[in-house]
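Subject: Structure for your review

Dear colleague,

Please find below the structure that I am handing over to you.

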Amino acid sequence: MCQVNEDYRDQLELPVPSVSRKCVKCREATAAVIIRAGDAYCKGCFKEYFIHKFRAMLGKNRIIFPAEKVLLAVSGGPSSFSMLRQVQEGLSLNAHKKLRFLPGIVYIDEGGAVGQSLEERKRTVTDLQALFKATGFSFHIVPLEQVLDLPSSIVQTTPSLSEHPASAYKAAVDHLIQNDSGDYLTLQEDENASLPDVQEYHTKLLQQLTGSAKTLTAREDLLNTLRQHLLVHTARTEGYSKLMLGDNCTRLAVKLLSSISLGRGAQLAQDTGFSDSRYGDIILVRPMRDYSAKEIAYYNHMFNVPYVFIPSIDTKTRDKASIQRLTESFVIKLQADFPSTVSTIYRTSEKLQTACKSTSTADHRDRCLLCMCVLDTSVENSSAFKATLISEQLSQTKCSEDTIAQVEPESTAPTGQYCSSREVDCGRAASNGGCCSSVKVSETPSLQSLLCYSCQLTIKDMSSVEHFPEYILLEAQKRQRRTQMKEEISEFLLNDGADGD
Ligand SMILES: [Zn+2]
Ligand SMILES: [Zn+2]
């Protein structure tokens, strides 16, 4: 997950520049770390700066309310463990600086998708358990296999429970300070503390699902989506209203660039912003977005923040194995030679806003079935997207009608080459021993019309959608039936004047 961070491990010889160099902050202690060119901090000041930045990020955005239950998504990597440490530090601060929410931890065990054995997975979980227990927070360890049993409600928008006005925040804080009884923040429960039994059958199903993605790019994208669904589901069932993610600035710069390459331009603001409300009642927040991976590595090293190495799907792959991997290595190389570029990339994300801002009002039929963002595919006819669509349709027609005539001489070519689309029924061509021998997806619903542009690309890279979890397929059928019904009765409906018939 957070491979970006690993690359600093070898360089962790803390650069003590010269013996005489003093901390720029207190001007007394000897500098121990250089954050940016010229900014040398001593150990104490660095710690203070680091902790302050976390609290300031939460304070500035005023999204997390006092006594609210917040679920911290810990992947095991340095960034999310650093986030966990910041929450611990924040809770132990003195009265008016103190963080005032109720934290819990969630860890998604993706060992099944990565191909780890059950023993390896159990070992990792045991390591993490010990670290989580030491925090005193309640924690949930969830195997990714559970994504197969999610309810359809995860891909339906749940309206936000309460819209807190900005003024309510201050009132809530004041109220809490007055009634502060001290230590109310320890919720020590022991539920879900160990890895629930994973059935081999489920692991197989999960592997079939990820295996049906033909490229690593699509597989990573798919895994991201599934992980997020499971995180949101866990938050919902355990009664949390916020989900904290450990994405740091370097990670977000990678995400920003790879999202553009993956056709997620319309969703950039949500994918990389501080808060993300696409799931309605559960808000995703990214409080680590101001820290670079390097800063985190320094902090973790100096203050003994542990982390557990957990292989991810692109561990030990080449740079060019996927778009995400390639972007990552590009950003890291950029960071090495031009250190301020990364924060420039990431600051771009702060300025982004989605054109269709009605994220909370749009009903779920207008949302992507997979990533839950507002659909970016209903655009006017003259758009680039429609042009791509038309040319695609044209080439498909050509495939089903002309292939036989044109392609016959070279019919020894590998099957499926002329017809990449799985929707076109190339019956004629197939009966002639030509293309599209793999068209057998007709029973499973076609998902294309229910997806955003980027998720459509991912699905195109999958051999079939039949291994998708039931909650996605059922919701797809439901939405399609609804559209169909709407079409059938459209004659009898009073239009909003658009068609004027
Ligand atoms: Zn200092
Ligand atoms: Zn999507």
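This is a predicted model: local features need pLDDT of at least 70, side-chain atom pairs count only at pLDDT 80 or more; totals for chains, interfaces and linings use all residues.

Residues are numbered from 1 along each chain as its sequence is written, while chains are lettered from A and ligands numbered from 1 in the order in which they are written.

Six strands make up an open sheet of mixed pairing, ordered β5-β4-β3-β6-β8-β7. Strands (E, at least two residues) and helices (H or I, at least four) are DSSP runs numbered from the N terminus, and two strands pair if DSSP finds at least two bridges between them. At the edges lie β5 (138-143) and β7 (275-279), each of which pairs on one side only. From one strand to the next, the twist averages 25°; angles run from 0 to 180 degrees between N-to-C directions, with axes fitted to C-alpha atoms, for helices over the stretch in contact.

Five bridges link β3 (residues 69-73) in the parallel sense to β4 (residues 102-109), and L71 stands opposite G104 in β4. Helix α5 (residues 118-135) packs on the sheet, touching β4 and β5, and its direction makes about 170° with that of β4. Contact requires C-beta atoms, placed from the backbone, within 7 Å.

Strand β8 (residues 282-285) is covered on both faces, with I282 and L284 buried on one side and I283 and V285 buried on the other. A residue is buried if 20 or more other C-beta atoms, placed from the backbone, lie within 10 Å of its own. Strands β7 and β8 run antiparallel, joined by three bridges, and D276 has L284 as its bridge partner in β8.

Yours sincerely

Notes
Two residues are in contact if their C-beta atoms, placed from the backbone, lie within 7 Å. A residue is buried if 20 or more other C-beta atoms lie within 10 Å of its own, exposed if 12 or fewer, and partly exposed in between; C-beta atoms are placed from the backbone.
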